[in-house]
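Reader: Hello! Could you take me through one part of this model in close detail, namely the loop backbone, and then show how it sits beside the core and the chain contact?

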Amino acid sequence: MESGDTKRKHYLNIENTPQSWLLTLDHKRIGILYLVTILLFFFLGGVAAVLFRLELLTPDAHLVEHETYNRLFTMHGVTMIFFFLIPSIPAVLGNFLLPIMIGARDMAFPRINLASWYVFTAGGLFGLAAIVFGGVDTGWTFYTPYSSTYANSNVILAALGIFIAGFASIMTGLNFIVTIHKMRAPGLTWFRLPLFIWGQYATAIIMILGTPVIAITVLLVGIERLFGVGIFDPAIGGDPLLFQHLFWFYSHPAVYIMILPGMGVISEVIACFSRKRIFGYHVVAFSSLAIAILGFFVWGHHMFVSSQSMYAGMIFSILSFLVAIPSAIKVFNWTATLYKGSISLDTPMLYALGFIGLFTIGGLTGLFLATMAINIHVHDTYFVVAHFHYVMVGGMLMAFLGGIHFWWPKMFGRMYPEAWGRFAAIVIFVGFNLTFFPQFILGYLGMPRRYHVYPEEFQVLNVMSTAGASILGAGYLMVFVYLVWSLFKGRRSVSNPWCAAGLEWRVSSPPPQHNFKKAPVVDRDAYDYTDEDVYKSDYDSGGTSDG
Amino acid sequence: MTEHSGNHHIMPLKIYLGVFLALMVLTILTVWVAFYDLGFLNVFVAVTIACVKAYIVLLYFMHLRYNARILWLTAAAGFIWFVLLTAFTVSDVLTRGWLPPPEAW
């Protein structure tokens with residue numbers, strides 16, 4: 001990758017021994033370590049999805065039996081949620097970009113930052129061990145009393161993995177909050193911060209306030225399972241609904257841990273490729289905080305049919321409707337930003353536009369599910385699966401891919417092939433919709449989730465879904481291949497290939513080891529695209545320029 | 001030593017011993033109270049003693065008393081979140097019996 005590179009030293013070539021990577025305190029390298037690690041889990045979760053989608057091609061159990069099927073969808077859920085989606089944007093793009101975007105030389109606590117990657121990897125190894133030793137069959141939700149009393153799979157190993165990985169999340173959140181509070185460049189006031197930073201800040205709040213609850217919850221499952229202490233099992237004095245309360249107190253906000261950083265990415269991309277300041281910057285910033293806080297008080301909408309009190313259900317239903325407001329504010333403001341913008345449809349922008357459409361569908365179907373009467377009809381059906389994937393894959397994963405393409409030149413100093421990028425974005429969009437839209441219909445017609453067999457009348461829609469998943473998989477593979485290719489053969493990037501606003505574009509690509517020789521002084525708002533020359537000049541606060 | 005000296009505040013040994021003693025007394029009190037049936041106050045008394053113990057630990061062992069107010073705010077946020085978790089969960093438990101279960105068809 002570095003052959004024939006200029007003499008300029010940057011974070012990738014400053015030293016390239018295994019120790020220099022494994023003991024690095026550089027936030028950029030830690031971001032890359034996270035990227036490699038979560039891609040491994042994405043691959044594992046993807047393999048599981050391929051296998052159970054193949055099984056669902058036919059109504060009968062032709063490929064795997066129910067026990068294997070249960071393990072496959074649990075492996076998919078656990079790896080994708082706890083070991084891919086939650087760390088994806090914060091730990092990769094957040095770690096890499098946050099200090100540069102606020103004009104700092106590193107995170108506030110570089111050692112905690114490195115420790116978080118080791119802790120995450122340790123948690124991931126427990127998760128891997130659970131898979132290697134036979135898997136887990138509880139679903140990613142670990143509902144009691146099945147998980148605590150009856151399941152005969154590796155619940156303890158998986159729970160330990162999640163428990164440990166949670167600490168990595170807390171470390172990252174802590175680092176983000178302190179760094180944003182204490183290390184902003186001179187002149188970079190709160191309302192000059194890029195919205196990506198606001199998104200990361202809101203995410204960090206959820207990470208710190210929510211993650212301890214999931215950690216203690218899975219620990220309690222382990223304690224009941226190992227020592228028979230009555231916590232969730234009613235036979236020994238526990239309450240199974242207590243588990244659901246504790247689990248969803250974290251796991252619903254966890255959806256916002258996954259989507260809020262993605263929303264931050266979308267704000268950056270929309271502004272850059274519309275050449276406009278984000279419409280209603282302040283309300284978009286505050287809507288991130290509103291989502292983070294309101295998102296904590298909607299968890300009971302997962303429990304409408306669980307024998308939860310109807311009165312509690314009504315309160316949770318109303319609160320769930322409230323959280324739609326800040327989400328809608330974001331969507332409306334992004335759309336308003338596009339109005340009369342100078343729009344260019346480069347790859348990151350295609351992903352951003354895809355995000356807006358798919359997230360809107362995912363969000364609006366969330367309102368269906370927050371309505372108690374409709375929820376009873378579609379509860380635990382494929383409608384829920386489709387809704388969740390429209391938010392997580394159609395929303396979050398599109399944002400992640402958009403962000404990776406947008407900042408790829410910054411991270412590695414190479415451009416990806418634009419034509420392939422656009423083509424893959426369209427393939428992914430088509431494949432995604434073909435996979436998950438039929439699942440809305442399947443769910444509405446009554447096909448329950450988590451079954452490996454189904455009535456024949458559902459086969460056509462299931463075949464469509466599996467065909468879509470193949471296209472989606474091909475799209476992801478395409479992205480992976482051309483991005484790896486670009487590391488070696490891609491055109492070299494200048495410091496600011498998109499003529500974008502933001503401090504990260506003022507350092508060379510890839511950035512120098514410590515980002516800035518001296519702290520930059522910020523004298524303008526975020527997304528000030530009125531003076532285009534500033535961003536075309538390709539100047540560099542980090543010393544040398546490769547322009 | 002000022003009130004806002006951060007991590008460098010050194011407390012005299014007698015305060016540590018006093019806090020330890022207080023925690024022990026409160027633990028014994030918890031066990032002693034558990035032998036009496038106070039009706040609906042059972043949980044209330046146990047949780048109150050636990051909260052007092054947690055408060056003492058936060059103030060002295062975790063040095064919150066001598067730290068900047070922003071750390072008070074941080075600790076308070078965690079506590080308030082715990083209260084909200086408990087309040088919403090209890091709101092479910094307490095209202096489950098308000099409606100009779102539906103009759104069989």
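**A close look at the loops**

Author: Happy to! Phe142(A) sits in the loop between H4 and H5 of chain A, where helices (H or I, at least four residues) and strands (E, at least two) are DSSP runs numbered from the N terminus. The model is predicted, so local features need pLDDT of at least 70 and side-chain atom pairs count only at pLDDT 80 or more, while totals for chains, interfaces and linings use all residues. Residues are numbered from 1 along each chain as its sequence is written, and chains are lettered from A and ligands numbered from 1 in the order in which they are written.

Phi of Phe142(A) is near 50 degrees, a positive value in a residue other than glycine. Phe142(A) is buried, with 24 other C-beta atoms within 10 Å; a residue is buried if 20 or more other C-beta atoms lie within 10 Å of its own, exposed if 12 or fewer, and partly exposed in between, with C-beta atoms placed from the backbone. The loop between helix H4 (110–132) and helix H5 (146–150) of chain A also holds Pro145(A), and the peptide bond leading from Thr144(A) to Pro145(A) is cis, with omega near 0 degrees. As background, most residues other than glycine have a negative phi, and most peptide bonds are trans.

Lys340(A) also has a positive phi, near 60 degrees, and belongs to the loop between H10 and helix H11 (347–370) of chain A. Lys340(A) counts as exposed, with 9 C-beta neighbours inside 10 Å. Another cis peptide bond joins Ser509(A) and Pro510(A), with omega about -10 degrees; Pro510(A) is in the loop between helix H15 (459–489) and helix H16 (532–536) of chain A.

Now to the core. The largest nonpolar core has 174 residues, and those touching the most other members are Ala159(A), Ile197(A), Met258(A), Ile266(A) and Val269(A). Such a core is a set of buried Ala, Val, Leu, Ile, Met, Phe, Trp, Tyr and Cys residues joined through C-beta atoms within 7 Å. Helix H13 (residues 382–412) of chain A gives the most to this core, with 22 residues. Beyond its neighbours within four places in sequence, Val269(A) is in contact with residues including Pro348(A), Met349(A) and Phe406(A); contact needs C-beta atoms, placed from the backbone, within 7 Å.

Finally, the contact between the chains takes 11 residues from chain A and 12 residues from chain B. H10(A) gives the most to the side of chain A that touches chain B, with three residues.

Definitions and conventions. Two residues are in contact if their C-beta atoms, placed from the backbone, lie within 7 Å.
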